[in-house]
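Try each task before you read its solution.

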Amino acid sequence: MAITTRGRSVTLALLSVAFISLAQLAMKWGMSQLNEQFPTWLSLWQQQTYSSLISHFWPYYLSVIAGLSCYASSMFCWVIALKRLALSIAYPLLSLSYVVVYIAAVSLPWIGESFSWTKALGVLLILLGIYLVIPRTKKP
């Protein structure tokens with residue numbers, strides 16, 4: 001079965017959502033770790049022990065770089081998807097990133113976000129909104 005141009009474009013839009021969600025989570029973790037370690041980081045900087053700045057903090061730097069790379073990948077997928085996908089379909093799909101990021105943020109212990117029924121209701125309303133605004137094709 002051949003994948004249609006619209007199907008490929010929707011796939012690229014969803015891939016963009018996945019990349020942007022990963023970017024948010026990676027940036028959140030990396031930057032929050034660097035923030036917690038800032039006094040140590042600053043002390044190493046002032047002592048001009050630059051090799052220690054790299055060796056002690058490389059996982060956090062890598063996380064931030066991975067997040068930035070995911071942002072770039074998301075933008076690449078998004079631009080290609082928009083070439084052939086109507087905004088009435090593409091833009092609601094982008095709001096899925098709020099859903100993915102919230103669920104991941106409350107599920108992953110290293111992100112540490114707390115669950116809230118109000119936010120969960122908001123996620124359900126986003127999903128309902130996506131369902132309502134994306135046009136459906138009628139089968140012959």
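This is a predicted model: local features need pLDDT of at least 70, side-chain atom pairs count only at pLDDT 80 or more; totals for chains, interfaces and linings use all residues.

**Exercise 1: a salt bridge**

Find out how many salt bridges a search of the whole structure gives, and work out which parts of the chain are tied together.

Solution. 
- Step 1. Start with the count: searching the whole structure turns up one salt bridge.
- Step 2. Name the partners. The side chains of Glu113 and Lys28 meet here, at 3.8 Å from N to O. The cut-off is 4 Å, so a pair at that distance qualifies.
- Step 3. Glu113 sits in the loop between helix 5 (96-107) and helix 6, while Lys28 belongs to helix 1, so the bridge ties together parts that are 85 residues apart in sequence.
- Step 4. Check how open they are. Glu113 has 35% relative accessibility and counts as partly exposed. Lys28 is partly exposed too, at 39%.

**Exercise 2: the largest nonpolar core**

Say how many residues the largest nonpolar core has, and which helix gives the largest share.

Solution. 
- Step 1. List the members. The largest nonpolar core has eleven residues: Ala13, Val17, Trp78, Ala81, Leu85, Ile89, Ala90, Leu93, Leu96, Ile130 and Ile134.
- Step 2. At least two residues each come from helix 1 (5-36), helix 3 (50-84) and helix 4 (87-94).
- Step 3. Pick the main supplier: helix 4 gives the largest share of this core, with three residues.
- Step 4. Look for another core. There is a second, separate one of six residues, and Leu34, Phe57, Tyr60 and Val64 are among them.

**Exercise 3: buried or exposed?**

Solution. 
- Step 1. Recall the cut-offs: under 20% relative accessible area is buried, and over 50% is exposed.
- Step 2. Take Ser97, in helix 5. Leaving out neighbours within four places in sequence, Ser97 is in contact with Val17, Ile20 and Ser21.
- Step 3. Turn to Val17. Not counting residues up to four places away in sequence, Val17 touches Leu93, Leu94, Leu96 and Ser97.
- Step 4. Now Ala105, also found in helix 5. Leaving aside neighbours within four places in sequence, Ala105 is in contact with Leu25, Ile111, Gly112 and Glu113.
- Step 5. Finish with Leu125, in helix 6 (residues 117-133).
- Step 6. See what surrounds Leu125. Leu121, Leu124, Leu125, Leu127, Leu128, Tyr131, Leu132 and Val133 form a nonpolar patch on the surface, and together they have about 800 Å² of accessible area.

**Exercise 4: an aromatic pair**

Work out whether the rings of Phe115 and Trp117 are stacked or edge-to-face.

Solution. 
- Step 1. Pick the pair of Phe115 and Trp117, with 4.9 Å from centre to centre and 90° between the planes.
- Step 2. Apply the cut-off. Planes over 60 degrees apart count as edge-to-face, and that is the label for Phe115 and Trp117.
- Step 3. Compare with the surface. Phe115 is partly exposed at 46% relative accessibility, whereas Trp117 is exposed at 70%.

**Exercise 5: along the chain and through space**

Solution. 
- Step 1. Ala86 is in the loop between helix 3 and helix 4, and is partly exposed at 39%. Ala86 and Pro109 are 23 residues apart in sequence and 37 Å apart in space.
- Step 2. Ser43 is found in helix 2 (residues 38-46). From Ser43 to Val106, the gap is 63 residues in sequence and 33 Å in space.
- Step 3. Trp45 is in helix 2, and is partly exposed at 43%. Trp45 and Ala81 are 36 residues apart in sequence and 43 Å apart in space.
- Step 4. Ala105 and Leu93 are twelve residues apart along the chain, with 19 Å between their C-alpha atoms.

Key: Residues are numbered from 1 along each chain as its sequence is written. Side-chain values use heavy atoms; hydrogens and water are left out. Patches are made of residues with over 30% relative accessible area and no salt bridge: like charges are joined within 9 Å, nonpolar side chains (Val, Leu, Ile, Met, Phe, Trp, Tyr) within 5 Å. Accessible areas come from the Shrake-Rupley method with a 1.4 Å probe; for residues, only the protein chains shown count as cover. Helices (H or I, at least four residues) and strands (E, at least two) are DSSP runs, numbered from the N terminus. A nonpolar core is a set of buried Ala, Val, Leu, Ile, Met, Phe, Trp, Tyr and Cys residues joined through side-chain atoms within 4.5 Å. Buried means under 20% relative accessible area, exposed over 50%, partly exposed in between (1.4 Å probe, protein chains only). Contact means heavy atoms within 4.5 Å. Rings of Phe, Tyr and Trp (its six-membered ring) pair if their centres lie within 6.5 Å; planes under 30 degrees apart count as stacked, over 60 as edge-to-face and the rest as tilted.
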